Amino acid sequence: MEFSIKSGHPPKASCDCIVVGVFDSRQLSAPAQELDKAAGRRLDGILRRGDMEGKSGSTLLVHGTPGIAAERVLLVGLGKEAEFGEKAYRDALAAAVRALKDTGSKNSIITLSELPVARRNAAWRVRQGALVAHDVLYRSDQLKSKKDNASPSLSAIAFSVAGKDAKSASAALMQGIAIAQGMNLTRELGNLPANICTPTYLAQQAQKLAKAFKLKCEVLDRARMEKLGMGSLLAVGRGSHQPPRFIVLQYQGGKARAKPVVLVGKGITFDTGGISLKPGAEMDEMKYDMSGAASVLGAFHAMATMKLPLNVIGLIPAVENMPGGAATRPGDVVTSLSGQTVEILNTDAEGRLILCDALTYAERFEPDCVVDVATLTGACVIALGAVASGLMANDDSLAAELLEAGQTSGDRAWQLPLWDEYQEMLKSNFADIPNISGSRAAGTITGACFL
């Protein structure tokens, strides 16, 4: 798909389809009003006849409108104008792209990018346009013998902006495309089955990424990890025939002596729960337990494409959690890289066991900050559902930055407390710390407290 920026008078825009918005109560957006005027009020007539009311997400395709250069006009419902904001804008974009791909249009112009969104400029609107379009058009067909064709004809989308905003919008479009490519890499890795996406495969993808963007990449094998003393990480992979890998990626885009940001991504390529075996229902989804690792790789792809002026380290502990004769048992005690002993009361609380060694390893880089991304515990879904991610932090200023980034991107998070009182729930009679508390209460928070 080709994306571009377009400026100019909408009625004169030559394309297969031009997309304009309609607010609730049949109120045309400003670009739509220009089209309507050029067409002798034909669009207004369609609305007055009741063919469309402007309900959020609704669409109506109009052919052969006189006075308009575009072959088709796609009307997209925006909802109530007084309530139009970031979510409504993204919803309208998604509805537009879904409708476009089902038409015979090869190229289109989306004027929704000219709609005012509170506190957001043209650059943000265009960046979101690229992200939403990639999201709608994405298909997970890499393992299918016959590929899904997301759109048989649509090959180009242009976002309309005012002339004065063209320069900033062009830069934002490139950023949006880079971020979307990183997101798609994350999706591709997450969607792969565990018989393909093994710890070794993840390491190979990191090395491939490093080669493409001239990054530094080091992959530690079991022997190296044993020598370092990563007993907690290694305990998780004992029951699997797949060897563990610890991936270290380095992106040097900032000043030589600038402290790096460290991104840590959980890479459990399949999680059976180990000896503490999960229920069989929906266990196939446990291939997604490496989504933290995939997110780190996707972030590296995006930042390297954008050439961000930062120094970033990516740490990915990658293992498979399986039952077996050599598997770690509930009650076993292991020694982590930090030197602390851990009583493993539940082998299904394995993410924190690999992440704690990764966090200790991060200390050697003297980072400015560390951000840990993980499908850590199902307790978080119980707390927040599928609407937001849980965020816990020992640095409130960093937490505020991450929460704001979530609002800007539409990938929202909610901060849960990390108070000292919760640490009292992690007590062991036989080791320095257990990997779970003795209670089901506050499971998400105690997982973070462990780390």
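Two rings of Phe, Tyr or Trp form a pair if their centres lie within 6.5 Å, the six-membered ring being used for Trp. The model examined here is predicted.

**Exercise 1. Aromatic pairs**

Task: State how many aromatic pairs the model contains, and which residues the ring pairs link into a cluster with Phe-23.

Solution. 
Step 1. Under the rule above, the count is seven aromatic pairs.
Step 2. The cut-off for a buried residue is a relative accessible area under 20%. Phe-84, at 10%, is therefore buried, and Tyr-89, at 0%, is buried as well.
Step 3. The cluster joined by ring pairs consists of Phe-23, Phe-84, Tyr-89 and Trp-124.

**Exercise 2. A pair between distant parts of the chain**

Task: Classify the pair of Phe-246 and Tyr-361 by its geometry, and state where in the chain the two residues lie.

Solution. 
Step 1. The ring centres of Phe-246 and Tyr-361 are 4.9 Å apart and the planes stand at 65 degrees, so the pair is edge-to-face.
Step 2. Phe-246 belongs to strand β9 (residues 245-252) and Tyr-361 to helix α10 (residues 351-362). The two residues are 115 residues apart, and their pair links distant parts of the chain.
Step 3. Phe-246 has a relative accessibility of 0% and so counts as buried. Tyr-361, at 5%, also counts as buried.

**Exercise 3. Two helices in contact**

Task: Describe how helix α3 and helix α4 cross, and classify the residues of their contact.

Solution. 
Step 1. Two packed helices are described by the angle between their axes and the distance between the axes.
Step 2. The axes of α3 (residues 86-101) and α4 (residues 122-137) come within 9 Å and cross at roughly 45 degrees. α3 is therefore oblique to α4.
Step 3. The crossing of α3 past α4 is right-handed. On the side of α3, the contact includes Tyr-89, Leu-93 and Val-97; on the side of α4, Trp-124, Val-132 and Val-136 are among the residues involved.
Step 4. Sorted by type, the residues of this contact comprise ten nonpolar, two polar and five charged.

**Exercise 4. The surroundings of Phe-270**

Task: Determine where Phe-270 lies and which residues Phe-270 touches, not counting residues up to four places away in sequence.

Solution. 
Step 1. Phe-270 is part of strand β11 (residues 267-271). Its relative accessible area is 15%, so Phe-270 is buried.
Step 2. With sequence neighbours up to four places away left out, Phe-270 touches Ala-194, Met-283, Asp-284, Met-286, Lys-287, Val-319, Glu-320 and Asn-321.
Step 3. Phe-270 and Lys-427 are 157 residues apart along the chain, and their C-alpha atoms are separated by 29 Å.

Definitions and conventions
Residues are numbered from 1 along each chain as its sequence is written. This is a predicted model: local features need pLDDT of at least 70, side-chain atom pairs count only at pLDDT 80 or more; totals for chains, interfaces and linings use all residues. Side-chain values use heavy atoms; hydrogens and water are left out. Axes are lines fitted to C-alpha atoms, for helices over the stretch in contact, and angles run from 0 to 180 degrees between N-to-C directions. Helices (H or I, at least four residues) and strands (E, at least two) are DSSP runs, numbered from the N terminus. Angles under 35 degrees count as roughly parallel, over 145 as roughly antiparallel, 65 to 115 as roughly perpendicular and the rest as oblique. A crossing is left-handed if the near helix is turned anticlockwise from the far one by less than a right angle, and right-handed if clockwise. Contact means heavy atoms within 4.5 Å. Ala, Val, Leu, Ile, Met, Phe, Trp, Tyr, Cys and Pro count as nonpolar, Asp, Glu, Lys and Arg as charged, and the others, Gly among them, as polar. Rings of Phe, Tyr and Trp (its six-membered ring) pair if their centres lie within 6.5 Å; planes under 30 degrees apart count as stacked, over 60 as edge-to-face and the rest as tilted. Buried means under 20% relative accessible area, exposed over 50%, partly exposed in between (1.4 Å probe, protein chains only).
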